Every structure is written in structure tokens, then in C-alpha cells.
Amino acid sequence: KRHFSKANNGLMQIIILHALIFVGIQVFCKTILLVLGYKALFYTSYQSLLLPADWSHFVQQPWSLCTYFWLHQDLVPMLWNLAVLYGFGQLASDLLGSKHLVRLYLSGGIVGGLLFLLLYNHVPYFKEMSPYIIGNAGSLYAILISAATVAPERTLRLFFVITLKLRHVAWIMLLL
């Protein structure tokens with residue numbers, strides 16, 4: 001509650017929202033609905049929040065372009081993404097400001113979803129992948145690339161041993 005009343009605290013608000021959504025959906029809704037025997041209802045509802053690759057499904061649930069990047073299927077990938085978000089988000093927030101960070105996060109998720117739709121439907125290689133997308137990778141890349149664009153020469157220490165420039169980290173992440 002304290003983090004939502006403070007000004008210029010967009011990064012922590014995003015992280016807290018991710019944690020609350022994960023706990024709300026994966027722990028409470030999933031557990032309650034599965035225990036009560038409503039497995040199909042849970043999976044149908046959950047799938048309506050994921051971004052489908054097929055245009056005909058997307059037209060039926062356009063809100064998924066704004067919901068998929070708030071969801072995570074498993075705890076460990078969510079914790080990893082939030083740790084990366086915290087690290088690069090702090091840097092981007094210092095460079096760009098909290099309001100711009102939140103806008104960048106949201107627009108990165110939407111653009112990432114649109115890119116997924118285009119690639120899946122027009123590049124044969126992607127047809128073999130899952131017909132749904134989940135997670136905040138598009139938002140993370142948007143923050144990382146913008147921080148690397150604003151301050152490419154800034155250095156980061158990884159694992160207390162390796163020192164890399166931010167632009168090199170961005171290139172490595174893009175290539176991966």
C-alpha cells in the first residue's frame with residue numbers, strides 16, 4: 001500500500017502488481033477452482049488472458065494484448081523476470097524517470113505482442129512455437145534497449161566479476 005501512495009515509484013508498483021496477479025491467479029483462483037472441480041472453467045478463463053497467435057482468436061479477445069504480459073505460468077521464471085526488471089528498471093528509471101518507465105513498460109508489452117502476432121502469422125519458423133504468448137519479455141526488452149540507447153557507455157558488473165557496457169548487454173540479450 002505504501003508503494004502505491006509514493007510518487008515516482010512506478011517500478012515497484014509494476015513489480016508488486018506482477019506478484020499480486022501471480023498469487024491471485026495461480027494460488028487462489030487455480031487452487032479454489034481446481035479443488036471445487038472447475039478445472040475447465042479455470043483453464044478457459046486463464047487462456048482468455050493469454051495472447052493468441054491466430055488472428056481469428058485475437059479478434060475474439062483483443063484485451064489479451066494488454067493482459068498477457070502481466071501473467072506468468074511458473075514461479076521461477078516470474079522471479080527471474082522481476083529480478084531483471086528490478087535491475088534494469090532501476091537504471092532506466094534513473095535515466096528516464098518513473099513515469100516514462102511505466103509508459104515504456106506498457107508500450108513494450110503491447111509492441112512485443114504485436115510483433116509476436118506478425119511473426120507468428122508471417123514467418124514459417126514461428127509456426128512451430130506455442131500458439132499463445134505469456135510473460136513480460138517484450139516489456140523487459142523495451143526497458144533494456146531504451147536504457148542502452150540513452151546511456152550505451154554505462155558499465156554493469158555481472159556476478160561481481162565481469163564488467164560490460166550496457167550496449168553490449170543489450171546486444172547479448174537481443175541475440176539470445
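The largest cavity is lined by Ile 21, Phe 22, Ile 25, Gln 26, Tyr 46, Trp 70, Leu 71 and His 72. A cavity here is a set of points, on a 1 Å grid over the protein atoms alone, where a 1.4 Å probe fits but cannot get out; lining residues have an atom within 4 Å of a point. The model is predicted, so local features need pLDDT of at least 70 and side-chain atom pairs count only at pLDDT 80 or more, while totals for chains, interfaces and linings use all residues. Residues are numbered from 1 along each chain as its sequence is written, and side-chain values use heavy atoms, with hydrogens and water left out.

The volume of this largest cavity is about 30 Å³. A volume is the space filled by probe spheres set on the grid points, which are joined across faces, edges and corners. The count of cavities of 30 Å³ or more is one. Helix 2 (residues 10-35) gives the largest share of the lining, four residues. By class, the cavity lining holds six nonpolar, two polar and no charged residues. Ala, Val, Leu, Ile, Met, Phe, Trp, Tyr, Cys and Pro count as nonpolar, Asp, Glu, Lys and Arg as charged, and the others, Gly among them, as polar.

The chain has nine helices and four strands. Both are DSSP runs numbered from the N terminus: helices are H or I, at least four residues, and strands are E, at least two. The order of elements from the N terminus is α-α-α-β-α-α-α-α-β-α-β-β-α. The C-alpha trace spans about 55 × 45 × 30 Å along its principal axes.

Helix 2 also packs against helix 7 (residues 98-122), at an angle of about 40° and with the axes 8 Å apart. Helix 2 is therefore oblique to helix 7. Axes are lines fitted to C-alpha atoms, for helices over the stretch in contact, and angles run from 0 to 180 degrees between N-to-C directions. Angles under 35 degrees count as roughly parallel, over 145 as roughly antiparallel, 65 to 115 as roughly perpendicular and the rest as oblique. Gly 10, Leu 11, Ile 14 and His 18 of helix 2 meet Ser 98, Leu 101, Val 102 and Tyr 105 of helix 7 (contact means heavy atoms within 4.5 Å).

Two pockets were examined. A pocket is an open set of grid points with protein on both sides within 12 Å along at least five of seven lines. The largest pocket has a volume of about 510 Å³. Its lining has 15 residues, with Trp 80, Phe 88, Leu 158, Phe 159 and Val 169 closest to the centre. Helix 6 (75-96), strand 3, strand 4 and helix 9 (166-175) each supply at least two lining residues. Helix 6 has the largest share, five residues. The lining of the largest pocket divides into 13 nonpolar, one polar and one charged.

The second largest pocket holds about 420 Å³ of space. Of its 17 lining residues, Gly 112, Leu 115, Phe 116, Leu 119 and Ile 133 lie nearest the centre. Helix 7, strand 2 (132-133) and helix 8 each give two or more residues to this lining. Helix 7 gives the most, six residues. Eleven lining residues of the second largest pocket are nonpolar, six polar and none charged.

The whole structure contains two salt bridges, each a side-chain nitrogen of Lys or Arg within 4 Å of a carboxyl oxygen of Asp or Glu. One of them joins Lys 165 and Glu 153 (2.8 Å, N to O). Lys 165 lies in strand 4 (residues 162-165), and Glu 153 in the loop between helix 8 (137-150) and strand 3 (155-158), twelve residues apart.
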